[in-house]
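Good morning, and thank you for joining this group meeting.

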Amino acid sequence: MLAWMLYVIFITLLLGAAALAAERAAALRRARTRWIWTLAILASLAIPTVIASVSVQLPNILIPTVTHKITALREVTTIQVAPLTWLREQSSQAPLMRSLNMMLPSFWALASAGLFAILVLNSAYVSWRTRRWWIGTVAGARVYIAPDVGPGVVGLLRPRIVAPRWLTETPSACQEIVIAHEQAHLTRHDPQVVTLALFLLVVMPWNVPLWWQLRRLRRAIEVDCDARVLEKGLDPEKYRQMLTDVSRRPSAYLGMVAAMSESPSLLQRRMRLMVDPVQRGPVAAPMLVLLAFALVAIAAQVTPPNVGSAADGEPHALMLAPEVLDRYVGFYARRGHVINEISRQGSHLFADGVELRAESETDFWVTTAPQGVHNTFLLDAQGRVTGLLAHNDRPKWELLSPRVNASTAQRIRVDTRSDFKVRSPCQGRSGPASHD
């Protein structure tokens with residue numbers, strides 16, 4: 001579990017670096033950037049999960065008679081991160097690591113539940129506060145008017161503009177600038193985007209780089225909103241002055257998902273971009289785009305550690321298609337006189353009633369066997385199953401069981417029972433005793 005969590009953090013850092021490069025390239029082209037960080041947050045959750053646990057059906061060009069091959073995505077990754085590999089090995093050997101891995105799922109669940117509760121309680125608190133505000137009209141827009149909150153947008157699912165009381169006492173030109181900014185947020189569904197990002201964080205609240213990506217998303221949303229407002233023909237100098245005036249007014253924090261003024265450092269950057277926009281570069285932008293794609297490709301090629309039970313370090317089980325499992329159903333003769341029967345129940349494979357869990361299309365481990373014991377189904381050049389190889393690395397041993405048909409399996413079982421009766425001690429006593 002710990003190895004997989006660090007793997008996710010590492011992937012998130014790579015995708016964050018890719019988003020930074022893409023954001024810089026977009027700024028050089030005067031393009032919007034909020035979508036970059038939205039995709040980075042989604043990819044930071046999706047890529048590690050999909051690569052670690054999903055298998056896909058691909059055309060099998062090496063075996064023409066087999067139309068498709070089920071392949072685990074983690075099997076096609078090529079970049080091994082040494083610390084993650086070492087940590088995975090320690091997780092199954094060191095008692096302290098095993099104990100830590102057993103505790104992490106509980107910590108994860110508590111952190112997710114706590115963050116979700118905070119979001120729900122914050123939404124309920126905002127809803128309660130809005131009932132104490134009154135609804136008025138500012139610059140032609142119906143808004144909440146509050147004594148100590150705003151300007152901004154409140155609410156997660158149904159956002160609405162809230163304006164502070166002092167704004168109603170300012171000149172109409174100032175009101176129009178503020179309302180234009182907040183309406184730009186609503187038009188582009190910025191509150192819903194941030195709400196989605198917040199609830200995605202509930203899935204992995206321990207992923208610190210994901211919180212940093214959320215901060216960058218909020219920053220990109222404000223910068224994009226400034227650009228959209230100025231594109232409508234507003235005076236940049238008046239707009240900057242209004243941002244400065246708003247930043248000097250105290251406002252209660254209610255978890256607003258979009259506000260006209262954020263942190264001082266963000267405000268300074270927003271104003272600097274209005275005065276001195278990023279210079280265009282004919283070569284820099286394509287190079288940054290290539291860098292972003294390269295980092296995403298690296299993130300997709302990092303091999304995840306096997307994930308399974310925190311207690312026993314079992315690898316993560318893949319879900320294989322029923323038609324793949326059906327190829328293995330049958331009888332296998334071990335040492336020529338013991339028959340192992342492989343059967344399928346739904347999407348699960350069993351060996352004499354004991355479940356086999358898939359590591360790949362052909363490799364399985366037995367849930368009741370000691371750790372490290374694996375079973376590999378052997379295929380011939382035409383993709384037909386020829387046998388079952390049980391093996392272990394430490395200590396190293398192998399046991400091959402060729403595949404046999406049902407009649408051969410029945411004959412071996414009959415012969416085995418007959419041989420057992422002949423060798424049984426009870427059979428030796430059935431006749432009269434002989435004396436010398």
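Which helix gives the largest share of the nonpolar patch? It is helix 2 (residues 34–53), which supplies 3 residues. Helices here are DSSP runs of H or I with at least four residues, strands are runs of E with at least two, and both are numbered from the N terminus.

Before I continue, a word on the basis of this talk. This is a predicted model, in which local features need pLDDT of at least 70 and side-chain atom pairs count only at pLDDT 80 or more, while totals for chains, interfaces and linings use all residues. Residues are numbered from 1 along each chain as its sequence is written, and side-chain values use heavy atoms, with hydrogens and water left out.

Let us return to the patch. Trp-35, Leu-39, Leu-42 and Leu-196 make a nonpolar surface patch of about 390 Å². A patch consists of residues with over 30% relative accessible area and no salt bridge, where nonpolar side chains (Val, Leu, Ile, Met, Phe, Trp, Tyr) are joined within 5 Å and like charges within 9 Å. Accessible areas come from the Shrake-Rupley method with a 1.4 Å probe, and for residues only the protein chains shown count as cover. Trp-35 is found in helix 2 and, at a relative accessible area of 48%, is partly exposed. Buried means under 20%, exposed means over 50%, and partly exposed lies in between.

Next, please find helix 8 (residues 236–247). This helix has 12 residues and reaches 17 Å from its first C-alpha to its last, close to the expected 16 Å; the expected span is 1.5 Å times one less than the number of residues. Its buried residues include Tyr-239, Met-242 and Leu-243.

I now turn to the strands. Strand 12 (residues 363–366) and strand 13 (residues 374–379) run antiparallel and are joined by 3 bridges; two strands pair if DSSP finds at least two bridges between them. Phe-364 has Asn-375 in strand 13 as its bridge partner. Strand 13 also pairs with strand 14 (residues 385–392), in the antiparallel sense over 6 bridges. These two strands form a hairpin with 5 residues between them, and Gly-383 in the turn has a positive phi of about 85 degrees.

Finally, the charged pairs. Side chains of opposite charge can pair when their charged atoms come close. The structure holds 11 salt bridges, each being a side-chain nitrogen of Lys or Arg within 4 Å of a carboxyl oxygen of Asp or Glu.

In one of them, Arg-129 meets Asp-148, with the closest N and O atoms 3.3 Å apart. This pair links distant parts of the chain, 19 residues apart: Arg-129 is in helix 4 (residues 95–130), and Asp-148 is in the loop between strand 4 (141–146) and strand 5 (152–154). Arg-129 is buried at 13% relative accessibility, whereas Asp-148 is partly exposed at 34%.

A further salt bridge joins the side chains of Glu-341 and Arg-413 (3.7 Å, N to O). Glu-341 lies in strand 9 (residues 338–345) and Arg-413 in helix 12 (residues 406–423), so the pair ties together parts that are 72 residues apart in sequence.

Arg-411 and Asp-415 also meet in a salt bridge (3.7 Å, N to O). These residues are separated by about one helical turn because they are 4 residues apart in helix 12.

Technical notes. Buried < 20%, exposed > 50% of the residue type's maximum accessible area, 1.4 Å probe, protein only.
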